[in-house]
Amino acid sequence: MLPWLAPYPVQFPALDQALRDPDGLLAAGGALTPAWLLAAYRRGIFPWYSDDQPILWWSPDPRMVLFPEALRVRRSLAKRLRNGGFQVTRDHAFEAVIEQCAASREGREGTWITDEMRDAYCLMHARGHAHSVEVWQDDALVGGLYGMALGRVFFGESMFSRVSDASKVALVHLCRHLQAHGGGLIDCQMHTDHLASLGARDIARETFIGYLEQYVDRASGAWATSERASMEPPSVPTPP
């Protein structure tokens, strides 16, 4: 039986109680308050559910992750980075990014971003825990991503594109930013072929938790909350 979490105290079951089918479903209930969300991410747990469901908490095994230095930039993407006319910012339009991510998921089969989740992550952004990368073209927001940053880990939540490769541009910028500021890991949550093509890979949940124990509670994180990037193209790696 799936454990039901009361709103208080903030307490999750042991991760080895997560279901195998569906993979990683750990518990239901609790709340989307900052206390619950911070406790969840520090333990490798994230919320994922639909409007017609209670809050569902997940910790899949294996876990898809991307080490920033392992990002795979093919020649076609490198060309788009140079010539696509993109400008990139960080934390300039968090609410707009999450709204676009939610809109891009509406009508798809499966879970999408609920109003409750949008409100919760906007609050986390206001408190300096959630962040966004925005991609602009001709002053229009055409792509981006958002997630949680704790210590040296960025926990990716969602991304969107309104023009070809815009979300990939955001990911390149995120990886370059994390590399420059000591970031060690991007949590991609669940396996997708798209992320695998960009260099992400599956690791055992136990290994993932080991990384969190090393990286999450560091006093200085990889995301400088006082820094807001000026509108400038991301650095372009030289293709192999």
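Predicted model: local features only at pLDDT ≥ 70, side-chain atom pairs only at ≥ 80, totals over all residues.
A residue is called buried when its relative accessible area is under 20%, exposed when that area is over 50%, and partly exposed in between.

Six of them are found in a search of the whole structure. One joins Arg80 to Asp165, with a separation of 3.4 Å between the closest N and O atoms. The two partners come from distant parts of the chain, 85 residues apart: Arg80 belongs to helix α2, whereas Asp165 lies in the loop between β9 (153-161) and α5 (166-180). Arg80 has a relative accessible area of 26% and is therefore partly exposed. For Asp165 the corresponding value is 18%, so this residue counts as buried, given that the limit for burial is under 20%.

Asp165 also takes part in a second contact of this kind, in which its side chain meets that of Lys168 in a salt bridge of 3.6 Å, N to O. Lys168 is partly exposed because its relative accessible area is 26%, a value between the limits of 20% and 50%. Through these contacts, Arg80, Asp165 and Lys168 are linked in a network of salt bridges.

Another salt bridge is formed by Arg63 and Asp187, whose closest N and O atoms are 2.9 Å apart. This pair likewise connects distant parts of the chain, with Arg63 in strand β5 and Asp187 in strand β10 (residues 185-189), 124 residues apart. Arg63 and Asp187 are both buried.

Attention may now turn to the aromatic side chains. The model contains ten aromatic pairs, counted by ring centres that lie within 6.5 Å. One of these brings together Phe67 and Tyr211 in an edge-to-face arrangement, with 5.4 Å from centre to centre and 65° between the planes.

Elsewhere among the aromatic residues, ring pairs link Phe12, Trp36 and Trp57 into a cluster.

Methods. Residues numbered from 1 in each chain as written. Heavy atoms only, no water. Phe/Tyr/Trp six-rings, centres within 6.5 Å; stacked < 30°, edge-to-face > 60°. Salt bridge = Lys/Arg side-chain N within 4 Å of Asp/Glu carboxyl O. Helix = DSSP H or I, 4+ residues; strand = E, 2+ residues; numbered from the N terminus. Buried < 20%, exposed > 50% of the residue type's maximum accessible area, 1.4 Å probe, protein only.
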